[in-house]
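Hi everyone, thanks for making the time.

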Amino acid sequence: MPKVIIVSTAAPELAGFKTGLWLEECAAPYYKFKEAGCEVEIASPAGGPVPLDAGSLGEAFLTDSCKKFLFDPEAMGMLSHTTKLSAADVSAADAIFFCGGHGTCVDFIDDASVKSAIETLYGAGKVVAAVCHGPTCLPQCTKPGTDEPLVKDLVVTGFTDTEEEAVQLTGKVPFLLEQKLKEQGGKFERADDWNPKVCVDGKLITGQNPQSSEACAEAVIKILSA
């Protein structure tokens with residue numbers, strides 16, 4: 001049974017803006033992995049309870065997976081008591097999946113446990129995946145045995161600069177994700193705003209936005225099933 005660690009933000013606020021996890025980006029992959037027979041653990045940089053971005057609970061964004069998750073005692077129990085990432089047995093995982101929400105712009109950046117988990121798994125030839133703002137975890141990481149950015153020369157995606165502008169948080173985020181990934185030499189690809197887009201380059205999988213979370217999880221499962 002493959003093991004997947006889903007990593008969520010535990011940050012409730014970004015520069016005075018109340019935020020947290022974008023629920024769908026955890027709920028949809030969670031059920032995709034469970035349905036595929038994976039063992040799933042939910043972790044966060046701080047451990048403990050995960051704050052939910054209220055926007056992700058709005059009627060337009062509360063998908064069937066979200067509703068199922070909210071009324072699933074096992075799932076909500078895991079989200080309320082996440083493993084502290086630095087204490088997780090990362091080496092036992094076959095894949096790690098970083099979900100989004102603007103809280104990631106606080107605790108996925110310059111975090112030793114996030115950097116170590118990604119570099120450990122990627123260096124071991126295991127799957128590293130991230131969706132929407134989840135890829136904010138990547139710029140701090142380097143290729144195995146080098147000082148080169150992990151994303152250099154790899155095809156990647158993530159929340160686009162125009163999507164950030166659309167949600168009016170360009171002035172709050174520490175950097176624009178699309179711009180940062182391009183600066184580091186990533187081959188950034190995108191769909192139109194709010195359309196699904198997933199990039200797979202070797203064992204690195206990235207998704208553009210909430211609309212991409214299911215397909216991003218499916219790409220992980222495809223590699224784990226190969």
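Let's start with F97: at 0% relative accessibility, this residue counts as buried, where buried means under 20% relative accessible area, exposed over 50%, and partly exposed in between, using a 1.4 Å probe and protein chains only. Before I go on, this is a predicted model, in which local features need pLDDT of at least 70 and side-chain atom pairs count only at pLDDT 80 or more, while totals for chains, interfaces and linings use all residues. Residues are numbered from 1 along each chain as its sequence is written, and side-chain values use heavy atoms, with hydrogens and water left out.

So which rings pair up here? A search of the whole structure finds seven aromatic pairs. To pair, rings of Phe, Tyr and Trp (its six-membered ring) need centres within 6.5 Å; planes under 30 degrees apart count as stacked, over 60 as edge-to-face, and the rest as tilted.

One of them is Y31 with F69: the ring centres are 6.2 Å apart and the planes are at 80°, so this pair is edge-to-face. The pair links distant parts of the chain, with Y31 in helix α1 (residues 24-35) and F69 in helix α2 (residues 64-70), 38 residues apart. For the element names, helices (H or I, at least four residues) and strands (E, at least two) are DSSP runs, numbered from the N terminus. Both Y31 and F69 are buried.

Back to F97, whose partner is F33. Their ring centres are 5.6 Å apart with planes at 75°, so this pair is edge-to-face. Here too distant parts of the chain are linked: F33 sits in helix α1 and F97 in strand β6 (residues 95-98), 64 residues apart. F33 is buried, with a relative accessible area of 0%.

What sits over the ring of Y31? The charged end of K68 does, 4.3 Å from the ring centre; the criterion is NZ of Lys or CZ of Arg within 6 Å of the ring centre and within 35 degrees of the ring normal. K180 does likewise with F175, its charged end lying over the ring at 5.1 Å from the centre.

Now to helix α8, residues 213-225. This helix has 13 residues and reaches 18 Å from its first C-alpha to its last, close to the 18 Å expected at 1.5 Å a residue, with the expected span being 1.5 Å times one less than the number of residues. Its buried residues are S213, C216, A217, A219, V220 and I221. They pack against α1, β6, β7 (127-131), β10 (198-201) and β11 (204-207).

S212 is buried, at 0% relative accessible area. Leaving aside neighbours within four places in sequence, S212 is in contact (heavy atoms within 4.5 Å) with residues including V131, N195 and P196.

G103 is another loop residue, between β6 and α4 (104-107), and G103 is buried too, with a relative accessible area of 0%. With neighbours within four places set aside, G103 is in contact with T9, A11, T19 and G20.

Finally, the whole chain. There are eight helices and 11 strands. Of the 226 residues, 54% count as buried. Among contacts between residues at least 6 apart in sequence, 76% join residues at least 24 apart.
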